[in-house]
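Hi everyone, thanks for making time for this one.

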Amino acid sequence: MGGSRVQVNKPHKSRFASKSSRNIHKTSSKDSKKISKSEHNVGKVARTARIQRSKKIREQKQAALLKEKRASSGSTSPPRVIVLFGLSASVNLNSLAEDLCTLLSAEDVFPAVASPEYKLRITVLKAPHGDLLSCMEMAKVADLIAFVTSASASCEEKISSYCIDSFGSQCLSVFRALGLPNTAVLIRDLPNDSKRRHDAKKTCTSRLISEFPEDCKFYPADTKDELHKFMWLFKEQRLTTPHWRNHRPYLMAQKVEFVADACNLEKCTLLLTGYLRGRNLSVNQLVHVSGAGDFQLCKIELLKDPCPLHARKEGDLMDSDEVHDVQVIRSLAPDPMKQEPLCAENIPDPLAGEQTWPTEAEMAEADENKKEKRLKRRAMPRGTSEYQAAWIVDGSDLDDSESNDDGDAGMMLDENDSGFPGQEYSEKSCLDDDQASLQLNFRESDEESEIDSMMMEGKSLTKEQIEDEIRKIKEAHAEDEEFPDEVDTPIDVPARRRFAKYRGLKSFRTSSWDPKESLPPEYARIFAFDNFARTQKHVLAKVLDTEQGDMDDCIPASSYARLHVREVPVGIASKLSMLANTMPVIACGLLQHESKVSVLHFSVKKHDSYTAPIKAKEELIFHVGFRQFVSRPIFSSDIINSDKHKMERFLHAGQFSIVSTYAPISFPPLPLIVLKSEAASASPSIAAVGSLRSIDPDRIILKKIILTGYPQRVSKLKSTVRYMFHNPEDVRWFRPIEVWTKCGRRGRIKEPLGTHGAMKCVFNGVLQQHDTVCMSLYKRVYPKWLQHWFPLDA
């Protein structure tokens with residue numbers, strides 16, 4: 001037996017049950033019929049509601065798909081933009097463009113080619129090989145990027161193992177960062193023999209298939225029949241554009257003109273003519289002209305389409321008007337009460353913090369007192385500044401008593417003011433000690449030197465100076481990778497003055513730091529959001545309402561229109577007219593608040609093809625969607641579980657960093673392409689790619705420096721450390737800050753030793769003789785403010 005256990009039986013169910021209690025859960029036959037009928041009705045109604053809801057959702061999707069198809073391939077849709085991009089320099093794009101235009105239409109019609117046979121209108125753009133800016137601008141507006149490769153060049157000349165040269169590979173990575181639209185690969189110069197032709201196509205496909213998306217198709221493009229097959233498939237293909245393009249209206253200018261302003265000779269009205277794409281454009285909106293800046297519209301003219309799909313039905317235009325004349329259908333003028341103001345910066349009030357305002361009598365009295373003080377000269381102790389002298393009381397009882405002790409008082413002041421007891425200073429050194437020390441040392445690490453600023457601003461430098469500065473930047477980049485954040489304490493300047501803006505933190509992650517503390521003057525000129533996510537949702541909802549409603553101040557997408565952009569500088573307008581011959585000029589409609597300046601944060605990664613170091617606060621060109629602006633950003637790491645982020649002096653390769661800069665507000669998602677100009681004459685090269693992360697002026701970015709010292713004598717947990725500081729006053733000043741070693745010990749400063757900056761430290765373990773003692777100091781840093789925001793303003 002396993003042991004005595006009391007058996008417990010289950011009680012009988014009917015022990016305390018009665019007839020009424022057993023039937024309490026039952027209902028009568030009448031009630032059961034009613035209940036069953038109502039339950040059936042409820043289930044039937046619920047099923048009917050689900051069916052109706054599913055049907056409504058299905059109809060809405062079908063209507064949206066039909067609307068999208070009509071907008072992209074209907075007779076009223078704008079011409080599709082095909083960008084021909086050669087993967088290598090040996091590809092001949094001119095012959096392919098001529099073959100496509102001949103296939104579609106016998107005659108060239110500006111600004112597009114209309115084909116009634118394919119029921120399609122097309123604009124063909126040829127990307128110039130070697131011009132990165134033109135290729136980028138064309139890719140931003142392309143509906144299809146046709147990558148063209150030559151089978152003869154890839155197989156015979158052996159340009160590269162992937163049939164792509166260095167520029168083609170660089171542009172392909174930029175296109176991926178911008179977001180690829182529909183893509184296709186056209187293979188030219190295939191052999192005439194069918195077997196060799198098949199083998200050459202298979203070879204090119206196998207080499208290039210890994211570089212393109214999975215849905216990218218490869219087409220031979222030598223004969224008319226092959227091009228006909230490609231165009232027929234492209235006509236039936238559904239257009240997929242990057243998501244960021246669908247939020248804003250944009251216009252690729254087919255014609256760029258400008259009209260001088262009679263009132264202001266330095267300003268003019270810029271005329272941009274082309275097809276509107278994306279969204280509806282309101283005349284009250286602001287527009288951004290690529291590279292030129294943000295402007296207001298003074299008028300929008302809706303024009304008759306110069307390239308209709310059905311020329312026979314709309315042939316009256318050719319009979320009545322000339323080819324180059326246009327017919328204005330409707331003209332829109334802005335409403336001054338509804339027009340978006342062109343407000344980029346906030347105008348700070350320097351007296352906003354003042355609580356009182358002096359009267360005219362008080363100001364006159366202050367001026368008289370100031371004149372009297374200038375006439376009256378008093379004997380002051382040696383080294384007294386004007387500010388200190390203003391606080392000395394002019395008492396008659398003190399004049400005689402203190403006049404005899406001027407010399408002694410001056411000696412005592414020098415003795416007490418200096419950080420080195422017994423050291424005498426001259427009168428000039430006492431007056432300018434702080435300024436001289438700060439100017440001497442800020443040039444080393446904190447601030448840029450004059451030559452650095454001249455290089456960034458593009459001033460004239462000799463070739464030797466430029467090479468010398470590039471060599472210094474490379475050496476600093478190598479030193480930063482080997483010894484990150486380590487700086488040397490100056491010998492001739494006290495550390496408490498040199499690092500006066502720095503502070504210590506008990507914990508970088510958990511210690512508090514007020515984001516509103518000691519903000520720079522530039523923060524009074526920028527804008528901030530109380531709730532950025534809510535504002536973005538409200539702005540995008542407003543765009544949808546404008547799209548669905550019938551607005552009198554809007555022109556619909558797919559319209560052929562002329563934008564009158566007012567108050568454009570004449571120099572910028574002339575540059576745009578010249579650029580229109582080589583690259584498309586794009587005008588993009590801005591959403592609400594997008595002209596204002598704030599602090600933008602981007603997640604970027606250094607491009608693989610760029611090997612030169614990129615230093616913080618260097619001048620870079622940012623391409624954010626359709627917009628372009630100049631920036632001098634700072635770099636920082638992305639720490640998820642902390643409200644503070646460590647600044648990086650250089651943009652390191654192989655890792656993502658956060659780039660923070662003053663820039664016009666843009667609502668994400670948007671891609672980012674960072675360009676850097678090596679010299680004034682050379683074209684900019686791609687430096688980094690990324691995307692817009694957030695807009696937050698309160699993001700705390702801290703610059704970290706490490707002061708190092710070396711143990712001289714070690715006795716158990718105590719050690720004598722030297723070369724971190726050079727006078728005992730600095731040791732006492734930095735005494736509350738914790739010290740640590742590279743081998744993992746932590747400790748504190750106990751007291752200074754001697755007069756040369758040695759100090760006694762106590763650690764939580766025995767210190768190794770070869771170890772290095774470190775102290776971490778932090779200060780908050782901000783981006784560099786620029787005087788001009790856009791590339792064409794320079």
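Let's begin with the surface. The protein has an accessible surface of about 45500 Å², and carbon and sulfur atoms account for 52% of that area. Please keep in mind that this is a predicted model. Of the 794 residues in the protein, 43% are buried. As for secondary structure, there are 21 helices and 30 strands. If you take the contacts between residues at least 6 apart in sequence, 78% of them join residues at least 24 apart.

Now for the charges. Side chains of opposite charge can pair when their charged atoms come close.

Next, please look at Glu-226 and Arg-197. Their salt bridge brings the closest N and O atoms to 2.4 Å apart. Here Glu-226 is in helix H8 (residues 224-236) and Arg-197 is in helix H7, so to speak two distant parts of the chain, 29 residues apart, linked by the pair. Both Glu-226 and Arg-197 are buried.

My last pair is Lys-742 with Glu-486, where the closest N and O atoms of the salt bridge are 2.8 Å apart. What does this pair link? Lys-742 comes from the loop between strand E27 (739-741) and strand E28 (746-753), and Glu-486 comes from strand E13 (residues 486-487), two distant parts of the chain that are 256 residues apart. Lys-742 is partly exposed, with a relative accessible area of 46%. Glu-486 is partly exposed as well, at 26%. Before we leave salt bridges, let me go back to Arg-197 and Glu-226: together with Asp-222 they form one network, joined by salt bridges that share partners.

There is also a place on the surface where like charges gather. Which residues make up this patch of negative charge? They are Glu-362, Glu-365, Asp-367, Glu-368 and Glu-372. Glu-362 is part of helix H10 (residues 360-375), and this glutamate is partly exposed, with a relative accessible area of 46%.

Let's turn to the backbone, where I have a few details for you. A cis peptide bond joins Pro-668 and Pro-669, with omega at about 5 degrees. You will find Pro-669 in the loop between strand E22 (656-664) and strand E23 (671-676).

Asp-189 is not a glycine, although its phi is positive, at about 60 degrees. Its place is the loop between strand E5 (182-188) and H7, and Asp-189 is partly exposed, with a relative accessible area of 43%. The other one is Lys-617, again a residue other than glycine, whose positive phi is near 70 degrees. Lys-617 lies in the loop between strand E17 (597-606) and strand E18 (620-624). Is Lys-617 buried or exposed? With a relative accessibility of 18%, Lys-617 counts as buried, because the cut-off for that is under 20%.

Let me finish with a histidine. His-607 is in the loop between E17 and E18, the loop where we found Lys-617. At a relative accessibility of 10%, His-607 counts as buried. What is His-607 in contact with, leaving aside its neighbours within four places in sequence? The list is Gln-170, Ser-173, Ile-686, Ala-687, Ala-688 and Val-689.

Methods
Residues are numbered from 1 along each chain as its sequence is written. This is a predicted model: local features need pLDDT of at least 70, side-chain atom pairs count only at pLDDT 80 or more; totals for chains, interfaces and linings use all residues. Side-chain values use heavy atoms; hydrogens and water are left out. Helices (H or I, at least four residues) and strands (E, at least two) are DSSP runs, numbered from the N terminus. Buried means under 20% relative accessible area, exposed over 50%, partly exposed in between (1.4 Å probe, protein chains only). Contact means heavy atoms within 4.5 Å. Accessible areas come from the Shrake-Rupley method with a 1.4 Å probe; for residues, only the protein chains shown count as cover. A salt bridge is a side-chain nitrogen of Lys or Arg within 4 Å of a carboxyl oxygen of Asp or Glu. Patches are made of residues with over 30% relative accessible area and no salt bridge: like charges are joined within 9 Å, nonpolar side chains (Val, Leu, Ile, Met, Phe, Trp, Tyr) within 5 Å. Lys and Arg count as positive and Asp and Glu as negative; His and the chain ends are not counted. The place of a charge is taken as NZ of Lys, CZ of Arg, CG of Asp or CD of Glu.
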